[in-house]
Amino acid sequence: MSAVADNYARLQALGVEVISVSVDSHFVHKMWNDHELVKMVEGGVPFHMASDQAGNIGRAYGVWDEGQGIELRGRFLIDPDGVIQAMEVMTPPVGRKLAETIRQVQAFQLVRASKGTEATPAGWMPGDLVLKPGPDLVGNVWKVWKPSQEK
Amino acid sequence: MSEPQGCGRVTGAVSSDGAPPAPSPESTLKKEVLVTARPGQKAPEFTAPSYYRGGFTPVKLADFAGKWVLLCFYPGDFTFV
């Protein structure tokens, strides 16, 4: 979570709000923030650290691990209409890569701004070519984009 | 039903779920919350106690309607990744 907190300003600049959730109480969240995270991130965690001790939210999002009584690493990108646009769920030992989350935010925001008339090919980064799906593009993607263009 | 404020609610709840049911073997068996989170579908609404910038402030997903939200679950405080 410290990685997300450390990049909060970048997320805010993109108009993204953050909520973290675990089965720890909000009192333990305070202790974790005050005793450890504040040493990793200037000023500590700037977003809501939600508590889901009974796992109700985790169950609804499919990240509840019944055997361990914890929530798996799960990342959900929710758009301004409250619709989930992206999700990624991982077992605990491997951390996320926030740069990929930010890339996806930028791609989904571009698609949304185009009202769905544009799509981003594999590996798309801001500034790269976007696709305009339509009758003319069917069977012709190869003319404008090849996998070798993915950086 | 009024929402418990501050420390009144001890755990998160999906909104359709209301307050956590009184614990009885019967209700725990019947009360299977369905996974409704899927890409392209509405995110399940929830409310939960939360620690926020030095205070205890309940958080609701609906508070952020009209904004992009990054919702991050993780295994636990004081874990290593």
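Q: Which residue in strand 6 of chain B stands opposite V18(A)?
A: A quick caution to begin with: this is a predicted model. Strand 1 of chain A and strand 6 (residues 68–73) of chain B pair in the parallel sense, with 6 bridges between them. Look across from V18(A) into strand 6 of chain B and you land on L70(B).

Q: Which residues does L70(B) touch, leaving out those up to four places away in sequence?
A: Strand 6 of chain B pairs with strand 1 of chain A, and the contacts of L70(B) include V18(A).

Q: How many residues of chain A and of chain B take part in the contact, and how many on the chain A side are nonpolar?
A: The contact takes 58 residues from chain A and 44 residues from chain B. Elements of chain A that give two or more residues to it include strand 1 (16–22), helix 3 (26–40), strand 6 (84–90) and helix 5 (98–113). The chain A side has 17 polar and 10 charged residues, and its nonpolar count is 31.

Q: What covers the buried residues of helix 5 of chain A?
A: Helix 5 of chain A has 16 residues and reaches 22 Å from first C-alpha to last, close to the 22 Å expected. Its buried residues are T101(A), V105(A) and A107(A). Their cover includes strand 1 and strand 5 of chain A, together with strand 6 of chain B.

Q: Which residue just after helix 5 of chain A takes a positive phi?
A: Helix 5 of chain A spans 98–113. Just after helix 5, a phi of about 55° turns up, and the residue that takes it is K115(A).

Q: Is chain A a compact globule or more spread out?
A: Chain A has 6 helices and 6 strands, and its C-alpha atoms fill a box of roughly 55 × 35 × 30 Å along the principal axes. The globule rule gives 15 Å for 151 residues, but the radius of gyration is 19 Å, well over that, so chain A is more spread out than a compact globule.

Q: Is E150(A) buried or exposed?
A: E150(A) sits in the segment after helix 6 (141–144) of chain A. Leaving aside neighbours within four places in sequence, E150(A) is in contact with A122(A) and G123(A). The cut-off for exposed is 12 or fewer C-beta atoms within 10 Å, and because E150(A) has 12 such neighbours, it counts as exposed.

Q: Which strands are at the edges of the open sheet in chain B?
A: In chain B, 3 strands form an open sheet in the order 1-2-5, with antiparallel pairing. Strand 2 (residues 46–48) joins strand 5 through 2 bridges, and A48(B) has V59(B) as its bridge partner in strand 5. The strands that pair on one side only are strand 1 (13–14) and strand 5 (59–60) of chain B.

How values were computed:
Residues numbered from 1 in each chain as written. Chains lettered and ligands numbered in written order. Predicted model: local features only at pLDDT ≥ 70, side-chain atom pairs only at ≥ 80, totals over all residues. Pairing = 2+ DSSP bridges. Helix = DSSP H or I, 4+ residues; strand = E, 2+ residues; numbered from the N terminus. Contact = placed C-beta atoms within 7 Å. Nonpolar A, V, L, I, M, F, W, Y, C, P; charged D, E, K, R; others polar. Buried ≥ 20, exposed ≤ 12 C-beta atoms within 10 Å, placed from the backbone. Rg over C-alpha atoms; globule rule 2.2 N^0.38 Å. Expected span 1.5 Å × (residues − 1).
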